[in-house]
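User: I am new to this structure. Please take me through how its chains meet and how some of its side chains pair.

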Amino acid sequence: MLTRKRQRWAYLYILPFFASFLAFSVYPIFYSFYLSFTEYDPLSLATRWVGAANYIRMFTSRYFWDSVGHTLVIWLFSIIPQLTIAMLLSLILNERWVKGKTALRSIYYFPNLVTPITIGLLFNMLFSYPGGTINNILTALHLFPHPVEFKNAPVLAMLVGGIAICWQYFGYNIIFISAGLNAINQDVYEAAEMDGANAWQRTAHITLPLIRPIMIYVMVTSVIGGLQIFDIPKMLFRDGVANSTRTMVLYMYESAFERWQFGFGAALAYGIFLVIAVFSALSLFVTTRIGSKNAKEGKTA
Amino acid sequence: MKKWISLLLCVCMTLALTSAMAMGYETDESLAGEFTWWTYFDQAPFLKDEFNKKYPNVTVHLEVFGGEDYQTKIMSTLPSGQGVPDLFDLEEGYVYKFIESPLLENLESLGVRAFTSDYYPWALAMATDKQGNIKGVCDNVSPVAFWYLRDAMAEWLGTSDDAEITAKLSDWDAILELSKDITARSNGEVHLLSNMSDLVKVEGYSLTPFVRDGVFSVEPGWVDLLDTMRSFWDAGVLADLGGWSGEWATAWNDGTLLIRVMPSWDFFTNWDQNSGNVGVAAPFKGSYEGGTYRAVYANSEKKDLCLKFIEFLTTVPYQAENLAVNNQMPANMKVLEAMGPDYSNEKFGGQNILQTYDKVCQSILDIVPDIYTRDCQNLFGKHANQGIKDGLANDQIIKNFQDEVRDKYPELKGL
């Protein structure tokens, strides 16, 4: 009897969270879904039902698919060096002989505290043409005879976007990977050492397989976060050639908040959700598959 | 007899205006109250302070919001009816989206036409709805001019005289020839113009807008402009510095870029370095860029105070002060009359910039812009720049441009 009474109170305690969750998360999700089938005038608040027109427009828009492609390329340019650097530094920081680990981790994490707008502006200045810092270095070292116009070369513009995002997030990933490394029981390494395993073998056959769950988490969250990139490309090279730095979310932002096409913007939000869901599932599948394969091979060996 | 009456009236008006300016504002303590004003404009506190010199008992709750999201804030606040400011500023880039809304007070019905009868017509047209009602009022206009440094012009064009410089920059052919000459003489170190977008800035409001009454079309003048842009690019005479970039501003302030095509509100001049050395020339086509319009919330209970505020910002003494302090070109043509032909601005080497800007303003054609006008111009400039650099033919450039317009505005016909 007392327990049942207590349970009722428990519902009351969790009510504030669920009330705000319903009002600020669930309701907007359903409302934006409804909005995606309408044309909406934000000043008169009038809506007009247009059926699937916004979705048809989205799926037939070359510019939407271009933005999907640009997002993926920028994400790839960022995630590959990001995880590589994070993994290498985490492994180094995990070694006993490294001094000042906490300070170094804090320094690496620092770019993550800088706002994306600031990073966008910073990299814009670094890579500006013709007198940006990078161009000055390249020409001073005679690596290039003329300054490089990063903005006007689609691949370079996307590469700069990737570098900026990598710079912001590699320290963030170090935190996760380091946590994964710390969780590995030292007895396993000691046993391997006694069996004569060298450093590379310990890393390849113990460390990497054991931090696989962390890597899957980092990979999936980076897909979800990385495909939503917006602020840095927005500030970096506005109107880059061939709209090369226009990402999916930036395309949605321009449609909804610059041209006030909120119905279309809502449809784009669902399109982006689909793209992210597909790539998240794909990355989960691939990383799990690779892990299982390695595990099987290990067992067989 | 008529002549004498006209002359007498002119003398009286000039005397009245001159005395008004000389005396500052006549304080009116009888008007009291408070209202809220939202803006994105960093010079708004100046207007507020000037207003309070005349009306010390009116409290203006001014809130300045920076960034691009200001328009989103206004857009979402207005229909909610909650916490809506009595008065708010709208920028030229997006004022057209708001103008037809009944949430903006019809200032025409409040008698604003009487205060603005001496405004440049195109400046009012920007904030006039389809029924011809004024919905917003500005205190300055933004005519586009050729900005130059006098010493740099003396070195490379052989003159620092404003009239002579204007004469030398009489059309694109003349400018191209000068560009070739300067680039050759300086071994490519000095350039007359920066980039191809400068040409669009000058021509933008002299060509039929791409969209009229919801129908898209490209008049031959735009294609001719492509050819002109290409001739500049092919000649290799452009500095090719991104407009409004740090390098662009530095090059001009250092005298290696001779002309910037900029509106009167320019904030890229290093006045510490170049005060007294700056000059402006009226381009051969009239154009403008930017503008801040003050609108009143239709359900505001402080409309009378807002109206007084709007009346104040249209007056000659205030706009003259705004010119003197902020270099803002007055929207009221009476300021020009009041200041007279002897007006000179020390920052501009004693030049009568009012006359120069007035020449530009008078030559701006009566084109009433809409939500598509500026955006289509910008898109055209973007595709023209890139297409010419990539060696595309005009047809392909126009096609690329049309494709993007169609993607952005599928409701347009003619695409």
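User: Which side chain meets that of E404(B) in a salt bridge?

Analyst: This is a predicted model, in which local features need pLDDT of at least 70 and side-chain atom pairs count only at pLDDT 80 or more, while totals for chains, interfaces and linings use all residues. Residues are numbered from 1 along each chain as its sequence is written, chains are lettered from A and ligands numbered from 1 in the order written, and side-chain values use heavy atoms, leaving out hydrogens and water. A salt bridge is a side-chain nitrogen of Lys or Arg within 4 Å of a carboxyl oxygen of Asp or Glu. With N to O at 2.9 Å, the partner of E404(B) is R246(A).

User: What does the pair R246(A) and E404(B) join?

Analyst: R246(A) forms the salt bridge with E404(B). R246(A) lies in the loop between helix 11 (231-236) and helix 12 of chain A and E404(B) in helix 19 (residues 394-408) of chain B, so the pair joins two chains. Helices here are DSSP runs (H or I, at least four residues), numbered from the N terminus.

User: Are R246(A) and E404(B) buried or exposed?

Analyst: Buried means under 20% relative accessible area, exposed over 50%, and partly exposed in between (1.4 Å probe, protein chains only). By that rule, both R246(A) and E404(B) are buried.

User: What is the area buried between chain A and chain B?

Analyst: Buried area is the accessible area (1.4 Å probe) that two parts lose on being put together, summed over both. Carbon and sulfur atoms give 48% of the total, which is about 2,200 Å².

User: Which three residues supply 29% of the area that chain A buries against chain B?

Analyst: The contact (heavy atoms within 4.5 Å) takes 28 residues from chain A and 25 residues from chain B. Supplying more than any other three residues of chain A, the three are L43(A), Y63(A) and W260(A).

User: How many residues apart in sequence are the parts that E105(B) and K303(B) tie together?

Analyst: The closest N and O atoms of E105(B) and K303(B) are 2.9 Å apart, in a salt bridge. E105(B) sits in the loop between helix 4 (95-98) and helix 5 (112-115) of chain B, and K303(B) in helix 14 (residues 303-313) of chain B, so the parts tied together are apart by 198 residues.
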